[in-house]
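Work through the exercises below with the sequence and the 3D view open. Try each task before you read its solution.

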Amino acid sequence: MVCQKHSRHFLISALIIGFATYTPDLKADTPLGWINSDKISAYTTTKGEFEISGAIRAVNDTLDIFNYRDDLFAANRRLAGDSGDLDGTNLQVYYGITDYLSVFANAQEHELTVDLGTISSVNLIDIDSSLDTNRQEIGIKWMIYQGNLLAQNNRHSALTLQVSAFQSESDDFDVVVDEINLGSADIRFTNPQTFSVNELDDNGWQARLIYTTPVAGLGTASVWGGFGSSTASSGTDSDIVSESIAALFKQDFDLEEDYLYAGISLDFAPIPRLPISITYEYIDLRDSKFTRFPEEPSSALPSFLASTSTEPESGNHTLKAQVSYWITPRLHFSVTGNLYSNQFLGELPHYSNPLSESFSSVAYGFAGLKLGFKF
């Protein structure tokens, strides 16, 4: 089923590229000093140009100026210590195939600290300290209209279709114990046993129709709307040999979601070589289908494998800002900031499960440093 969906997504992308070859030749380049990475705009990368950027991202007790980590603790009382700290990297590449068609790829990974504190129902031997996640995305941008080509500094109007496919997954989160309390009885293991939150992955696609236009005396503004869809899975398991006991800890979660996207951005340069970008987008969860097996989980599940009581959220307000400086005409350095009203909702669908959905129901943000180069 998943393979068929991936095939359909890439077939759609291939058809778009094919149709695009019949579009009349368009000659406008991106504006002087323009940076493509971490932006949603109708401008495609200039033909033959290759842009690459790498970034580090983090949040901790020093960078958490809005106290989002405290909000995370309030939403999930099982969390303690440095939970909510994030340490990650991001790599983006863009390439202009023609004057109106470009491709891009994005790869990112992060370690989200998860400290479960004291677990009264088990005798703990070892426990993972973070949820380690990676995400990949590939896509195309097809400019289907250009106007105002004689605008100053080449800040022309454009309408573009952007289509991408993504996939993300997290490593198993393991807890090793040698004794567990099932409520009515204590079970002691001769050899320590591992209990896991596992099968954490998702895949999906998204499409946006983006319009960018010059703003007199300021820069450019972009508006867009779009649609996306994803499927995600997760579950719990153990390495207990006894099938009857292992069955108590086995759960499977599956989730299908559809999204609507709407947003606006502003790009301007108050002084030469210092472009600034501010982006707002609302991600609206329009349809969600959740299934679990078994339908009624065992009452013997310890707290770290049991469902939370958090109600799933239906939308995410996202705000991103980027201040860059062109060190040379090819090399730029940027400081970035990302804020989310509901942390990873719409960004990492497999986080939206009964065990970790609290990660998608609180405000969150992180800062970043980025270095980019144009060939």
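## Exercise 1: A salt bridge across the chain

Lys39 and Asp267 join their side chains in a salt bridge, with N and O 3.1 Å apart. A salt bridge here is a side-chain nitrogen of Lys or Arg within 4 Å of a carboxyl oxygen of Asp or Glu. The model is predicted: local features need pLDDT of at least 70, side-chain atom pairs count only at pLDDT 80 or more, and totals for chains, interfaces and linings use all residues. Residues are numbered from 1 along each chain as its sequence is written, and side-chain values use heavy atoms, with hydrogens and water left out.

**Task.** Find which parts the pair Asp267 and Lys39 ties together.

**Solution.** 
- Step 1. Locate both residues. Asp267 lies in strand β10 (residues 251-268), and Lys39 lies in the loop between α1 (2-20) and β1 (50-59), so the bridge ties together parts 228 residues apart in sequence.
- Step 2. Know how elements are named. Helices (H or I, at least four residues) and strands (E, at least two) are DSSP runs, numbered from the N terminus.
- Step 3. Check burial. Asp267 and Lys39 are both buried. Buried means under 20% relative accessible area, exposed over 50%, and partly exposed in between (1.4 Å probe, protein chains only).

## Exercise 2: The nonpolar cores

**Solution.** 
- Step 1. A nonpolar core is a set of buried Ala, Val, Leu, Ile, Met, Phe, Trp, Tyr and Cys residues joined through side-chain atoms within 4.5 Å.
- Step 2. Find the centre of contact. The largest core has 28 residues, and Ile180, Phe189, Phe195, Phe249, Phe344 and Tyr364 touch the most other members.
- Step 3. List the elements. β7 (173-181), β8 (186-215) and β14 (364-374) give two or more residues to this core. β8 gives the most, with five.
- Step 4. Look elsewhere. A second, separate core has 11 residues, including Tyr43, Tyr100, Trp142 and Ala158.

## Exercise 3: The largest cavity

**Task.** Describe the lining of the largest cavity by class.

**Solution.** 
- Step 1. Set the rule. On a 1 Å grid over the protein atoms alone, a cavity is a set of points where a 1.4 Å probe fits but cannot get out; lining residues have an atom within 4 Å of a point. Grid points are joined across faces, edges and corners, and a volume is the space filled by probe spheres set on the points.
- Step 2. Get the size. The largest cavity holds about 780 Å³.
- Step 3. Find the lining. There are 43 lining residues, and Asp38, Gln92, Asn106, Lys320 and Glu347 lie nearest the centre. β2 (86-96) supplies the largest share, seven residues.
- Step 4. Sort by class. The lining has 14 nonpolar, 18 polar and 11 charged residues. Ala, Val, Leu, Ile, Met, Phe, Trp, Tyr, Cys and Pro count as nonpolar, Asp, Glu, Lys and Arg as charged, and the others, Gly among them, as polar.

## Exercise 4: Backbone angles

**Task.** What is phi near in Asp38 and in Glu199?

**Solution.** 
- Step 1. Most residues other than glycine have a negative phi, and most peptide bonds are trans.
- Step 2. Asp38 has a positive phi, near 60°. Asp38 sits in the loop between α1 and β1.
- Step 3. Glu199 has a positive phi, near 55°. Glu199 belongs to strand β8.
- Step 4. Check the peptide bond from Phe293 to Pro294. That bond is cis, with omega near -5°.

How values were computed: 1 Å grid on protein atoms, 1.4 Å probe; cavity = no way out; pocket = protein on both sides within 12 Å on 5 of 7 lines; lining within 4 Å.
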